[in-house]
Amino acid sequence: MPKETDEQMAERSQAIQAAMKNAAEVPLSIMETTLEVLKLSAQVVERGNPNCITDAVSSCLLAEAGFESAMMNVCFNLKSINDEKYSKAMMERVIALKKKAATLINKVRMNYNSSQCDCETRKDS
């Protein structure tokens, strides 16, 4: 966008701020989606077929990685947004999602008994 006049610079600045908000909202939606995967993982570990437990734990670990990556992206993008009210509201959403994710991740970890897959103590057949 041109930035020769004050009006053009103001328009450009507004466009950049709108783009930065979008750049923060997209990874926030990824956080919400990965939270749903974490919920499903916790359900499978708690009530699912014991033969599927490693699949549930694996999905939890992958969702956790996606969640953390998206969260870092949101936080990084919020630094470039001048609208403090917007940034504060987004950070509150991030914190709430992080608490929910941590609860689900802990639930999966607590319900998974690592001795079920203790390869070091297994004897060769």
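This is a predicted model: local features need pLDDT of at least 70, side-chain atom pairs count only at pLDDT 80 or more; totals for chains, interfaces and linings use all residues.
Trainee: Okay, on to the packing. How are two packed helices described?

Mentor: By two things, the angle between the axes and the distance between the axes.

Trainee: Then what are the angle and the axis distance for H1 and H2?

Mentor: The angle is about 160°, and the axes of H1 and H2 lie 8 Å apart. Angles over 145 degrees count as roughly antiparallel, so H1 and H2 are roughly antiparallel to each other.

Trainee: Left-handed or right-handed, the crossing of H1 and H2?

Mentor: Left-handed. Sorted by class, the residues in the contact of H1 with H2 are 21 nonpolar, six polar and one charged.

Trainee: Now H1 and H3. What angle do they pack at?

Mentor: About 20°, and their axes are 9 Å apart. The cut-off for roughly parallel is under 35 degrees, which means H1 is roughly parallel to H3. H1 passes H3 in a left-handed crossing.

Trainee: How many charged residues are in the contact of H1 with H3?

Mentor: Eight, along with 15 nonpolar and two polar residues.

Trainee: Let's go inside. How many residues does the largest nonpolar core have?

Mentor: It has 27 residues. Leu28, Met31, Leu38, Val74, Leu78 and Met90 are the ones with the most contacts inside this core. Helix H1 (6-47), helix H2 (53-78) and helix H3 (84-111) each give two or more residues to this core.

Trainee: Which helix gives the most to this core?

Mentor: H2, with ten residues.

Trainee: You listed Met90. Which residues does Met90 touch?

Mentor: Leaving out residues up to four places away in sequence, Met90 touches Ala24, Glu25, Leu28, Val74 and Leu78. Leu28, Val74 and Leu78 are also listed with Met90 among the residues with the most contacts inside the core.

Trainee: What about Thr34, buried or exposed?

Mentor: Thr34 is part of helix H1. Its relative accessibility is 11%, so Thr34 counts as buried. Apart from residues up to four places away in sequence, Thr34 touches Ala63, Gly66 and Phe67.

Trainee: And Ser69, where is that one found?

Mentor: In helix H2. Ser69 counts as partly exposed because its relative accessibility is 43%.

Trainee: How many residues apart in sequence are Ser69 and Ile30?

Mentor: They are 39 residues apart, and their C-alpha atoms are 9.3 Å apart in space.

Trainee: One more residue, then. What is the place of Asn106?

Mentor: Asn106 sits in helix H3, and at 42% relative accessibility Asn106 counts as partly exposed.

Trainee: Last one! Of the contacts with a separation of 6 or more, what share comes from residues 24 or more positions apart?

Mentor: In this protein, 73% of those contacts.

Notes. Residues are numbered from 1 along each chain as its sequence is written. Side-chain values use heavy atoms; hydrogens and water are left out. A nonpolar core is a set of buried Ala, Val, Leu, Ile, Met, Phe, Trp, Tyr and Cys residues joined through side-chain atoms within 4.5 Å. Buried means under 20% relative accessible area, exposed over 50%, partly exposed in between (1.4 Å probe, protein chains only). Helices (H or I, at least four residues) and strands (E, at least two) are DSSP runs, numbered from the N terminus. Contact means heavy atoms within 4.5 Å. Axes are lines fitted to C-alpha atoms, for helices over the stretch in contact, and angles run from 0 to 180 degrees between N-to-C directions. Angles under 35 degrees count as roughly parallel, over 145 as roughly antiparallel, 65 to 115 as roughly perpendicular and the rest as oblique. A crossing is left-handed if the near helix is turned anticlockwise from the far one by less than a right angle, and right-handed if clockwise. Ala, Val, Leu, Ile, Met, Phe, Trp, Tyr, Cys and Pro count as nonpolar, Asp, Glu, Lys and Arg as charged, and the others, Gly among them, as polar.
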